[in-house]
Each structure stands twice: as C-alpha cells, then as structure tokens.
Amino acid sequence: MKNNLKVNRGFTLIEILVVVSIIGLLSSVFLVGLGGFRSRGRDARRLADLRQVQNALEIYYTKCQRYPAGVNCAAGDPAAWSALRTAITQSGLGVSQLANDPQFPQDPSKTYGYAVRTDGQSYILGSTLENTGDPSLNDDSDLAGFAGYTATAGFSNCTDPIYCIQ
C-alpha cells in the first residue's frame, strides 16, 4: 500500500535570509532618512527652550531688578547652566524647572549657554544648533565675544552655528 500523504514544504533558509536582508536594507534607509528630521526637531526644541528661559529671566528681573548672577538675587555668577537653573527655580518665582539641551544626558558637552553683564542688566542665552543651515541663525545675535559679561563654562561667542538671544 502506498502512502499518499501530502508533504508541506516551508520556506528554505535562502528565502528567509533574502527576506531578512531586504527588510534590513529598507529599515536602514528609512532610519538614515529620519536623521535630518530628528536633528531639526531637536533644534526646534532648543529654540523653544531658550524662549522659555528668556521668559523666566524676565520674571526674575521683575523681582530682583537684575538678571541672575547667583541664587536668590544674591551676588556671584553662575558658572554652569545648572547654577542658572538653581538661581531661577529657587528664587520663589513659581518656575519649577528649566530645560536642558535635548542631548544633554547622553552628551554632557551639549548644554545651553548663559552670559550676564557684570551689572546684571543684560544677558545672552545660547545653544549650538545641529542644522547649520537653520534659517533662525540669520535672525540671532552674532557676537564674536562677550566683553563685560561673565559667561557659563564653554560659552564664549555667538558665531554660527550657535544661536543666541539677548
């Protein structure tokens, strides 16, 4: 007696490898294409963060009649972005936090910059943008140096691709 069982064949190893390699190739092309969108998104967040900090600085100025040079309207200069954050959030203004750069936890060198004039009557905020062709770089302050200002570490000028507001 002859056995008439139907044999179901699956995919061969070669077919599976071809499909997996095609999926890998398509996904890598897709992810590389998204890189530009992600950097522009981080740049947009940087600009929005600087505007929020600018608003907080104006509230601080209204209370203290000077821009932060230390904690709670005290003398002294913020040596880092974290010190400025402390000065703003602990001054009783109702501001609970200030943002960090979107890449800050992964890259400690990525941080916002702050410079305050020695008399406390003017400030400069800055951030390095990833997209060097960003049109907002055409509308910012392009100061080559900060004469008369005390700046946070690593923040010494506003030349492109550093976006600065005063």
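**Note on the salt bridges, surface patch and sheet**

1. The side chains of Arg42 and Glu130 come together in a salt bridge, with N and O 2.6 Å apart. Arg42 belongs to helix H1 (residues 13–64), while Glu130 sits in the loop between strand E2 (123–128) and strand E3 (149–151), so this pair ties together parts of the chain that are 88 residues apart in sequence. The structure under discussion is a predicted model, and the distances should be read accordingly.

2. How exposed are Arg42 and Glu130? Arg42 has a relative accessibility of 23% and therefore counts as partly exposed. Glu130, with a relative accessible area of 27%, is partly exposed as well. Buried would require a value under 20%, and exposed a value over 50%.

3. The side chains of Asp43 and Arg46 meet at 2.8 Å, N to O. Because these residues are 3 positions apart in helix H1, about one helical turn separates Asp43 from Arg46. Asp43 counts as buried, at 0% relative accessibility. Arg46 is likewise buried, its relative accessible area being 0%.

4. Through salt bridges that share partners, Arg42, Asp43, Arg46, Asp101 and Glu130 are joined into one network. In the whole model the count comes to 6 salt bridges. As a general point for the student, side chains of opposite charge can pair when their charged atoms come close.

5. A surface feature of another kind deserves mention. Ile14, Val18, Ile22 and Leu26 make a nonpolar surface patch of about 400 Å². One of these residues, Leu26, is found in helix H1.

6. The strands form an open sheet. What is the order of its strands? The sheet has 4 strands in the order E3-E1-E2-E4, and their pairing is antiparallel. E3 and strand E4 (162–165) stand at the edges with a single partner strand each, so one side of each has no neighbour in the sheet. Ignoring direction, neighbouring strands are turned by 20 degrees against each other on average. In general, strands of a sheet pair through backbone hydrogen bonds, either parallel or antiparallel.

7. Two of the strand pairings can be followed residue by residue. E1 and E2 pair in the antiparallel sense over 4 bridges, and Tyr114 stands opposite Leu125 in E2. E2 and E4 pair in the antiparallel sense, also over 4 bridges, and here Thr128 stands opposite Ile162 in E4.

8. Which way do the residues of the edge strand E4 point? Ile162 and Cys164 point one way from E4, and Tyr163 and Ile165 point the other way. All four of these residues are buried, although E4 has a single partner strand in the sheet.

How values were computed: Residues are numbered from 1 along each chain as its sequence is written. This is a predicted model: local features need pLDDT of at least 70, side-chain atom pairs count only at pLDDT 80 or more; totals for chains, interfaces and linings use all residues. Side-chain values use heavy atoms; hydrogens and water are left out. A salt bridge is a side-chain nitrogen of Lys or Arg within 4 Å of a carboxyl oxygen of Asp or Glu. Buried means under 20% relative accessible area, exposed over 50%, partly exposed in between (1.4 Å probe, protein chains only). Patches are made of residues with over 30% relative accessible area and no salt bridge: like charges are joined within 9 Å, nonpolar side chains (Val, Leu, Ile, Met, Phe, Trp, Tyr) within 5 Å. Accessible areas come from the Shrake-Rupley method with a 1.4 Å probe; for residues, only the protein chains shown count as cover. Two strands pair if DSSP finds at least two bridges between them. Axes are lines fitted to C-alpha atoms, for helices over the stretch in contact, and angles run from 0 to 180 degrees between N-to-C directions.
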